[in-house]
Amino acid sequence: MLISVEGLGYTYAPSTPLARTALRGVDLEIRQGERVGILGPTGSGKSTLAQLIAGLLRPTSGHVLLDGVAAHARTADARLRRLKVGMAFQYPEHQIFEQTVPREVAFGPRNLGLNDAEVEARVAWALDIVGLDPVEMADRVPLTLSGGEMRRLALAGILAMRPPVLILDEPTANLDPRGRQELLTRVLTWQAETELTLIVISHNLDDLARLAERVVLLVAGQVAADGPAREVLSDRPLLEDASFDVPPPVALLQALRQSGWAVATNRLLAEEAATEIAQVWSSTGGMV
Ligand SMILES: Nc1ncnc2c1ncn2[C@@H]1O[C@H](COP(=O)(O)OP(=O)(O)OP(=O)(O)O)[C@@H](O)[C@H]1O
Ligand SMILES: [Mg+2]
């Protein structure tokens, strides 16, 4: 599905004393299979943009088109397209309704009209991807889960519908480092197998470096940068203006370069930076 965002503006509570403009003049095009990260300081409009793409809000100005149809429209065409966009909310408790974990995950696939066997298979598959144990979770009441478990559950409920577009709003908040790593790896594997469009909103530059090939930087509701992840996430002045630091591997490489090492500085992951340093080290015979 092609997502086209054109001149998009959004104001909460317009024409009231509480009016608050969250987005202004945003243009973006996202193609099927792209992995796009959305980065921006608190309040820059990231979650608002996600909800507009999912058709949950109506633009104040401009358009969000899903394969050419307005995302929020009340037509059958628009509804079919919205079903293709799965969104895991920043606050997962907002999307949890059922009384047990398996029923919660089954809710979406059941609504798609799948038969019992297929629904059961989807539930088992989705719980596995997010790393929740189906036996342990069989009788758990969703709203008694921990923050990290609830986040995983909400994601499982979305994955079980197998949407071709997946929007993750702060997917690793409340997850411990190992759990975070596992979840990202599983989502990436699923993405690669299915040509899924992945839109990831995060404050965590390492998450974005792992998940996104393209990064859109939002500042005060406007696009401040949109380009390859390697370029955006290694641009120190750009990031500092938006109150972010470059990822630690980039900071290390930039420091080495300042002291005379001919290393490339746009290696975003620790393992890529290590390879870069090892290569330069061996090509100079350890002499700088
Ligand atoms: N329901 C609402 N009513 C009024 N203003 C809102 C509402 N939701 C968000 N806003 C305002 O819109 C702006 C953008 O909010 P949004 O939640 O999109 O930011 P964000 O980039 O997702 O922030 P965070 O990183 O904190 O999640 C902020 O100024 C916020 O205060
Ligand atoms: Mg948000």
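Visitor: By class, which residues make up the lining of the largest cavity?

Guide: A cavity is a set of points, on a 1 Å grid over the protein atoms alone, where a 1.4 Å probe fits but cannot get out, and lining residues have an atom within 4 Å of a point. Ala, Val, Leu, Ile, Met, Phe, Trp, Tyr, Cys and Pro count as nonpolar, Asp, Glu, Lys and Arg as charged, and the others, Gly among them, as polar. Here the lining has seven nonpolar, no polar and two charged residues. This is a predicted model, in which local features need pLDDT of at least 70, side-chain atom pairs count only at pLDDT 80 or more, and totals for chains, interfaces and linings use all residues. Residues are numbered from 1 along each chain as its sequence is written, chains are lettered from A and ligands numbered from 1 in the order in which they are written, and side-chain values use heavy atoms, with hydrogens and water left out.

Visitor: What volume does the largest cavity have?

Guide: A volume is the space filled by probe spheres set on the grid points, which are joined across faces, edges and corners. For the largest cavity this is about 60 Å³. Among its lining residues are F89, R151 and D169. Helix α6 (147-159) and strand β7 (165-169) each give two or more residues to this lining; the share of α6, three residues, is the largest. Helices (H or I, at least four residues) and strands (E, at least two) are DSSP runs, numbered from the N terminus.

Visitor: Is S47 buried or exposed?

Guide: Buried means under 20% relative accessible area, exposed over 50%, and partly exposed in between (1.4 Å probe, protein chains only). S47, at 18%, is buried, whereas Q90, at 23%, is partly exposed.

Visitor: What is the order of the strands in the open sheet of six strands?

Guide: Two strands pair if DSSP finds at least two bridges between them. The order is β6-β7-β8-β3-β9-β10, with mixed pairing. The edge strands, β6 and β10 (222-228), each pair on one side only. Strand β3 (residues 35-39) runs parallel to β9 (residues 214-219), joined by four bridges, and V36 stands opposite R214.

Note on methods. On a 1 Å grid over the protein atoms alone, a cavity is a set of points where a 1.4 Å probe fits but cannot get out, and a pocket is an open set with protein on both sides within 12 Å along at least five of seven lines; lining residues have an atom within 4 Å of a point.
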